Amino acid sequence: MRDQTPSSRNTAPNVLVALLFLLAPMQAAEKPVSFAKDIQPILENSCLKCHGAAIQLSKFDLRTRESAMKGGEKGPAIVPGKPEESKLYRLVAGLEKPAMPMDGKLTPAQVAAFKQWITDGAKWEGSVVAESKDAASQLAALEELKITDEMRKYWAFQKPARPSVPANGERNPVDAFLLKALTERGLKPSPQADRRTLVRRAYLDLTGLPPTPAEVLEFVNDKSLRSWENLIDRLLASPSYGERWGRHWLDVARYADSNGYEHDFNRPNAWRYRDYVIRSFNKDTPYNVFLQEQIAGDEMDWVTEDSLIATGFLRSYAKVGFREADNPQYRFEYLDDMIATVGRGVIGLTVQCARCHNHKFDPIAQKDYYKMQAALYGYVEVDHPLTSPEEAAAYSNAVEEVEAKLRPLKADVKEIEQQYRAILLPEKYKKFPANILEAINTPEEKRTPGQVLLANQIIRTVNVTPAEIERIMKPEDLVRKKRINAEIAAIEKMRPAPIPVAMGVTDGDFRFTPDGPGDEPAPGKGIKRQTGGSFLFKGPGRYEPQPNYFLYRGDLESRGSKMQPGFVTVATYGNPPVELPPSHGRTSGRRRALAEWLGSPENPLTARVFVNRIWHHHFGRGIVSTLDNFGKMGELPTHPELLDWLATEFMNRGWSVKQIHRLLMTSNAYKQSSQTAAGENLAKDPDNKYLWRFRIQRLEAEIVRDAVLAVSGGLNRTMGGPAVFPKIQSEVLASMKLGIWEVEQDGPKVWRRSVYVYRKRGLPFPMFEVFDLPDQNVSCGRRNVSTVPTQALTLLNNEFVLRQAKLFADRVVEAAGTDRAKQIDLAYELALARGPNAEERALAESFLSKQPLADFTHVLVNLNEFLYMR
């Protein structure tokens, strides 16, 4: 019998309605599409502002059928009758990136109309699409974004106002603000942690090293009222403090010892910047001065070796391994990286998102991006001599004498080899697709921009080695080449020993000339070519910065107005100077003005962002959890009044980082236990946003390695200098294509603190990578924390860890002898800053009755308690 329930009786009509609904768009799409009614309005309203009379991005003009069919730099845009093969349709449909139009999507009906119009043959009524605005108005509209008072009302763009400290009996203002928030939410703070937990927490937090048993006992037995404060002061005075907290800043600065990208060339002097950062934290350099040195250290009134080294901050971007002259467009990528790093790292804004259009979420105009670019635009890469001017000049002259003798000889070798390169290279190029071969074979002056990119990429990376050339070389040419190379080798012996230099930046003329014979300074400019194709200003008079321009949609070929330096408008109060030329006249002073704006009390963001970073590293979560984004897509502060109070306190205390450490670490909140029973607190605040107990924090990759070295007794405490290269497994090392990783024996030379381990962008140190080393190519404010099996496998099987466990065991035997109980006590004290409880002691004794001591110490460095700050 058929089911006659009401629901089943209604099924047929429902299905019919659904089918009619689904068929309606198909029927509508089959109707003829009118160009004038359906397509032309879309072009006028959404497309012509970027592909019309004013500008044609990618050299694509949509005003006529002829130009639309022709397309732009990326080829034909419309294939009549074949929408799926038409680039125009694929872009507006979002099938290719970037989806168009850039400032908003078309509706599904509009996309369907485009598809049907192309299917029907892309008929075009009339020859030209009229534009609704004149070109000048369109351009002005693209460049302008009025920043209103309403936009400034967002909390992060308001200058921090110092609130009154809540009067609730707490001595430390930090506790007063926290207790107020806890009370309002019905939460109760946790009791204080025991003294052994506190001393280990403080050591790991400030120095990144566990305390020795003697250091633990010194604190535990100190009954004075200021014992905790004295411990904090002692740790802040330790050289290890700078190594620990400097590492945090190096993440922000995207520091590495190699260039990255396919060649990953070594940066032999990058380590000087790393050491500068460590020194700065140890000296407690005021944070605003620290910023000034890194952004404009060569422009200050008090230029020092450290301030020149500091400019390595701007130059720490990942870089393609050849001269900028080979691909000038990369310069804009490096500038974009600088803006992103300063934006996210210093003021907590994603300014780089305004490169091609006004920021989608925050009131950051595209013009603000190019004003900041103007402040940095004059930079050139330079190796600052760290000697007297006389010694530097003598060295430069001696090198030039050697180079002058080498140039004609190298030109002769190049000439001999060229005929053989011409034979070998075409054979190597044959493996590439037809479009790449076409780009390579097209004369340079006739290549499209797309072909230039393709050709340069291949020509730069495909090489013929001298050995390959010599295999096909005529005997007489080979003899001649060897004779010239012998002359070159003899002259090279005359090259003077290098002087110490710092990898940094300054202002200069970055127009390029080719390397080789005939290189001369640009006429009348008084400039001298430096390494890498960059120029420094050397002549009389004042340096004149080169112009940069507003780029419509970020396109290098679509220049708008000439830009003057400036800052993020919504975060700028008053009328700060945009140029502060130094007295020596060799630079523009634009970077100095940028640094002054960043470090000004009038800037609403800088102090907030940095105290929030300090808070994050101490408490495991920032007051604003999105450390690099204080904009509208970031998280709101959990304690806005406390954040503003800390920001104003930071500035009032002379931007002293160490004073903020003392303030936070002497709070009751910092001394809370992490092991308290949660009770009602957990239900009310499961994420512990309001800090009702201390957050357990996993040690970072470098600190895991440092802690293992510290407890084994193998740690080499030598500070500073060139990087070290800990042993890497041969199969991992074999994956390295270019760049360097020196093979050194595993031993004390490489058992230095992990901040000194070589940072190779193309081959991250495996032990660091498994413990969440961040991407070394971009600024990082907060590291990811994962728990994955490879971490446990590394600690169980890694050759380095096994050797350190053996050294740990040897250290225990040396101090405790053969007494099993003393061995267990000392091993626990060294690894965990406490003795074992009864259950742990029984387990340890049982384990050691069957296994060697080295296995026991290996177990200890695998414990969660060893890997976490509690």
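Which residue lies over the face of Phe-219?

1. Arg-195 does, at 4.0 Å from the ring centre. Likewise, the charged end of Arg-201 sits over the ring of Phe-694, 3.6 Å from its centre. The criterion is NZ of Lys or CZ of Arg within 6 Å of the ring centre and within 35 degrees of the ring normal.

2. The model is predicted: local features need pLDDT of at least 70, side-chain atom pairs count only at pLDDT 80 or more, and totals for chains, interfaces and linings use all residues. Residues are numbered from 1 along each chain as its sequence is written, and side-chain values use heavy atoms, with hydrogens and water left out.

3. Aromatic pairs number 41 (Phe, Tyr and Trp rings, the six-membered one for Trp, with centres within 6.5 Å; planes under 30 degrees apart are stacked, over 60 edge-to-face, the rest tilted). Trp-117 and Trp-124 form a tilted pair, 6.1 Å centre to centre with 55 degrees between the planes. Trp-117 is buried at 2% relative accessible area, and Trp-124 is buried at 13% (buried is under 20%, exposed over 50%, partly exposed in between; 1.4 Å probe, protein chains only).

4. Phe-281 and Phe-290 pair edge-to-face, at 5.6 Å centre to centre and 75 degrees between the planes. Both are buried. They belong to one aromatic cluster, whose members include Tyr-241, Trp-249, Phe-610 and Trp-655.

5. Thr-794, Leu-795, Leu-796 and Asn-797 in α31 meet Glu-799, Val-801 and Leu-802 in α32 (contact: heavy atoms within 4.5 Å; helices: DSSP runs of H or I, at least four residues, numbered from the N terminus). The residues of this contact divide into four nonpolar, two polar and one charged (nonpolar: Ala, Val, Leu, Ile, Met, Phe, Trp, Tyr, Cys and Pro; charged: Asp, Glu, Lys and Arg; polar: the others, Gly among them).

Technical notes:
Helices (H or I, at least four residues) and strands (E, at least two) are DSSP runs, numbered from the N terminus.
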